[in-house]
Amino acid sequence: MSTDHAHAHHLENPDKSGPPPKLDVVATVPGAPPAPEGAEAMTILVTLPPNSPGAPPHRHSGPAFGYVVKGAVNFELEGEPVRVVRAGEAFWEPGGDVIHYQDGNHLADEESAFVVTMFCAPGQPMLTVVSPEELEARRDRRAPRTRSRP
């Protein structure tokens, strides 16, 4: 994911009834994977209480694109180290076979929240929890973990 602002936009306001909107590119995903054929786009708001671990390790049938609206979220995809995504920052995951290990609240004393749009394959659930057996079989694909607090 890139925060390159080469895609910056400015809208003219021909009727001059007020100032035009300001558009800021938060992030782009070059070469993002396509959504599954016939996918349903689903946008949800996830609110995490203080210290919430979030969803258990899971995967999505298609790509997911999100934006943290409040607080900070621990974000970990298979093969990548844990990173903290803070309010005003975006994240994405390719979906498919990639395990999403963490999406928990990074903050112990404040609520965090993010909005995510997922492109789900027809007839598939929004997310599928990964079994302990599969997690064990794929543990070599997980990046080394460290834990830090703000």
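This is a predicted model: local features need pLDDT of at least 70, side-chain atom pairs count only at pLDDT 80 or more; totals for chains, interfaces and linings use all residues.
Student: Why is the pair of Phe65 and Phe119 called edge-to-face?

Tutor: The ring centres of Phe65 and Phe119 lie 6.1 Å apart, and their planes stand at 80°. Rings pair if their centres lie within 6.5 Å, and planes over 60 degrees apart count as edge-to-face. The pair of Phe65 and Phe119 is therefore edge-to-face.

Student: Where in the chain do Phe65 and Phe119 lie?

Tutor: Phe65 belongs to strand E5 and Phe119 to strand E10, and the pair links distant parts of the chain, 54 residues apart.

Student: What makes the pair of Phe75 and Phe91 tilted?

Tutor: The centres of these two rings are 4.9 Å apart and the planes of Phe75 and Phe91 are at 40°. Planes under 30 degrees apart would count as stacked, those over 60 as edge-to-face, and the rest as tilted. The pair of Phe75 and Phe91 is therefore tilted. Phe75 lies in strand E6 and Phe91 in strand E8, so the pair ties together parts that are 16 residues apart in sequence.

Student: Why are Phe75 and Phe91 called buried?

Tutor: The word buried requires a relative accessible area under 20%. Phe75 has 2% and is therefore buried; Phe91 has 4% and is therefore buried.

Student: Which residues form one aromatic cluster?

Tutor: Phe65, Trp92 and Phe119 make up one aromatic cluster.

Student: Which residues of the largest nonpolar core touch the most other members?

Tutor: This core has 13 residues, and Val68, Phe91, Phe114 and Val116 touch the most other members. Strands E3, E5, E6 and E10 each supply at least two residues of the core. The largest share, four residues, comes from E10.

Student: How many salt bridges does a search of the whole structure find?

Tutor: The search finds ten salt bridges.

Student: What makes Lys70 and Glu111 a salt bridge?

Tutor: Their closest N and O atoms are 2.7 Å apart. The cut-off is 4 Å between a side-chain nitrogen of Lys or Arg and a carboxyl oxygen of Asp or Glu, so the pair of Lys70 and Glu111 qualifies. Lys70 lies in strand E5 and Glu111 in the loop between E9 and strand E10, so the pair ties together parts that are 41 residues apart in sequence.

Student: How do you know that Lys70 and Glu111 are neither buried nor exposed?

Tutor: Lys70 has 38% relative accessibility and so counts as partly exposed. Glu111, at 35%, also counts as partly exposed.

Student: Why is the contact of Arg59 and Asp97 called a salt bridge?

Tutor: The N to O distance between the side chains of Arg59 and Asp97 is 3.4 Å. This is within 4 Å, so the name applies. Arg59 lies in strand E4 and Asp97 in the loop between strands E8 and E9, 38 residues apart. Arg59 is buried, because its relative accessible area of 16% is under 20%. Asp97, at 45% relative accessibility, counts as partly exposed.

Student: What is the N to O distance in the salt bridge of Arg138 and Asp97?

Tutor: That distance is 3.0 Å. Arg138 lies in the segment after helix H1, and 41 residues separate Arg138 and Asp97. Salt bridges that share partners join Arg59, Glu78, Asp97, Glu134, Arg138 and Arg141 into one network.

Student: How do you know whether Arg138 is buried or exposed?

Tutor: Arg138 has a relative accessible area of 8%, under the limit of 20%, and is therefore buried.

Student: What makes the link between Arg138 and Glu78 a polar contact?

Tutor: The side chains of Arg138 and Glu78 are joined at 2.6 Å. The limit for such a pair of N or O atoms is 3.5 Å, so this distance falls within the limit. Not counting residues up to four places away in sequence, Arg138 touches Arg59, Glu78, Asp97, Ile99 and Tyr101.

Definitions and conventions:
Residues are numbered from 1 along each chain as its sequence is written. Side-chain values use heavy atoms; hydrogens and water are left out. Buried means under 20% relative accessible area, exposed over 50%, partly exposed in between (1.4 Å probe, protein chains only). A nonpolar core is a set of buried Ala, Val, Leu, Ile, Met, Phe, Trp, Tyr and Cys residues joined through side-chain atoms within 4.5 Å. A polar contact is a pair of N or O atoms within 3.5 Å; within protein, one must be able to donate a hydrogen and the other to accept it, and residues adjacent in sequence count only if both atoms are side-chain atoms. Contact means heavy atoms within 4.5 Å. Rings of Phe, Tyr and Trp (its six-membered ring) pair if their centres lie within 6.5 Å; planes under 30 degrees apart count as stacked, over 60 as edge-to-face and the rest as tilted.
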